[in-house]
Amino acid sequence: MDRETILSVHDLDVKFTLRGQTLHAIRGVSLDLYQGESLAIVGESGSGKSVFTKTFMGLTDANGYVDGGSILYNGMDLAKFTTEKEWRAIRGREIAMVMQDPMTSLNPLKTIGDQIEEAVVLHQGLKGEAAKKAVLETLAQVGIDDPERRYKQYPHEFSGGMRQRVVIAIAVACRPKILICDEPTTALDVTIQAQILELIKDLQKKYDLTTVYITHDLGVVANVADRIAVMYAGDIVEIGSCDEVFYDPRHPYTWALLSSLPQLGVKGQPLYSIAGTPPNLFHEVKGDAFAPRNPKALKIDFVERPPYFDVSPTHKARTWLLDPRAPKVEPPEHIKQLREQGVRLRVRH
């Protein structure tokens, strides 16, 4: 059964100008997002995860611009949008985002009720008592007790986890088709993280949302994702189903990310860490961007950028190791253990 594509990105290039220099933040990325799925985009800080998804909503910083490629959604190419008027028809109404930090996402001078009501009035077209009723229902749906009392309170009267619930309430009150969650659990403790992820999953089912999670934490991903896209240096280097990426990863960067998981650590031994630093994207990247940090890199990795090689119909990776002519390179010991044990790295409830 073919899944319906809700958003399709082709050869997207995003650049930033900074002090007379050009930074190539997103380097020819292509991705299809399927209706109703949960896609997780993972990678280190600075890999381009947030920049990539912000282009879907016209939220790129003022010094950033799309330099090529397309973002096709509902018969429109979002990459060609230039005015706020165009973006207002998409932002919130079609594609909404739960920002990284709930502490700074809310206006401290407005009540919680007023802030959610803005979204209800703008995107659901309700007014007065009908708008207030919708806000109270939304507060209840995101797990906030005593909505009548909470409606009149201010953000400082809420805990971090409750504020994150309010930010999610504002996003779903817009009735979007796609919900982007940018590190939705970063500022929260582990037990609250699990609750927030469960809440997003419930809302996804209720509203038939397509969700995109942006995270550096593969442990979080195991809980929520149908598919995982691994990003490195402004490029998607591997993409596949959750099980394919966890149990049969093929790109050396995915190996390194998985090996870094604390859950795979051995008592009394230092945790694995990835040597070196990501490339400077002010300079042209030659070959495989991960090659300088990859102890198993081939000579061609430093010369020519690898194409995608299909591992299965749903799994592909951009690495020369998958070329039929390449020598056989075994994944690290951690990856073999993961495969053998079938360990699913779930957030502890």
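Some ground rules come before the tour. Residues are numbered from 1 along each chain as its sequence is written, and side-chain values use heavy atoms, with hydrogens and water left out. Because the model is predicted, local features need pLDDT of at least 70 and side-chain atom pairs count only at pLDDT 80 or more, while totals for chains, interfaces and linings use all residues.

**Two helix pairs**

Helices (H or I, at least four residues) and strands (E, at least two) are DSSP runs, numbered from the N terminus. Axes are lines fitted to C-alpha atoms, for helices over the stretch in contact, and angles run from 0 to 180 degrees between N-to-C directions. Here are the two pairs:

| Helices | Axes come within | Crossing angle |
|---|---|---|
| Helix 7 (residues 160-173) and helix 8 (residues 190-207) | 11 Å | roughly 15° |
| Helix 4 (residues 112-124) and helix 5 (residues 128-141) | 9 Å | roughly 115° |

What do those angles tell you? Helix 7 and helix 8 are roughly parallel to each other, whereas helix 4 is roughly perpendicular to helix 5. The cut-offs are simple: angles under 35 degrees count as roughly parallel, over 145 as roughly antiparallel, 65 to 115 as roughly perpendicular and the rest as oblique.

The crossing of helix 7 and helix 8 is right-handed, and the crossing of helix 4 and helix 5 is right-handed too. That word applies if the near helix is turned clockwise from the far one by less than a right angle, and left-handed if anticlockwise.

Ala, Val, Leu, Ile, Met, Phe, Trp, Tyr, Cys and Pro count as nonpolar, Asp, Glu, Lys and Arg as charged, and the others, Gly among them, as polar.

The contact of helix 4 with helix 5 splits into eight nonpolar, two polar and two charged residues.

**Aromatic rings**

How many aromatic pairs does the structure hold? There are seven. Rings of Phe, Tyr and Trp (its six-membered ring) pair if their centres lie within 6.5 Å; planes under 30 degrees apart count as stacked, over 60 as edge-to-face and the rest as tilted. Take Tyr232 and Phe290: their ring centres are 5.3 Å apart and their planes sit at 85°, so this pair is edge-to-face. The two residues are 58 apart in the chain, with Tyr232 in strand 9 (residues 227-232) and Phe290 in the loop between helix 11 (252-259) and strand 11 (309-312). Tyr232 is buried at 2% relative accessible area, and Phe290 is buried at 2% as well. Buried means under 20% relative accessible area, exposed over 50%, partly exposed in between (1.4 Å probe, protein chains only). Ring pairs also link Tyr232, Tyr253 and Phe290 into a cluster.

**Loop residues**

Asp146 has a positive phi of about 50° although it is not a glycine. Asp146 sits in the loop between helix 5 and helix 6 (147-151) and is partly exposed, at 40%. Arg175, in the loop between helix 7 and strand 7 (178-182), has a positive phi near 55°.
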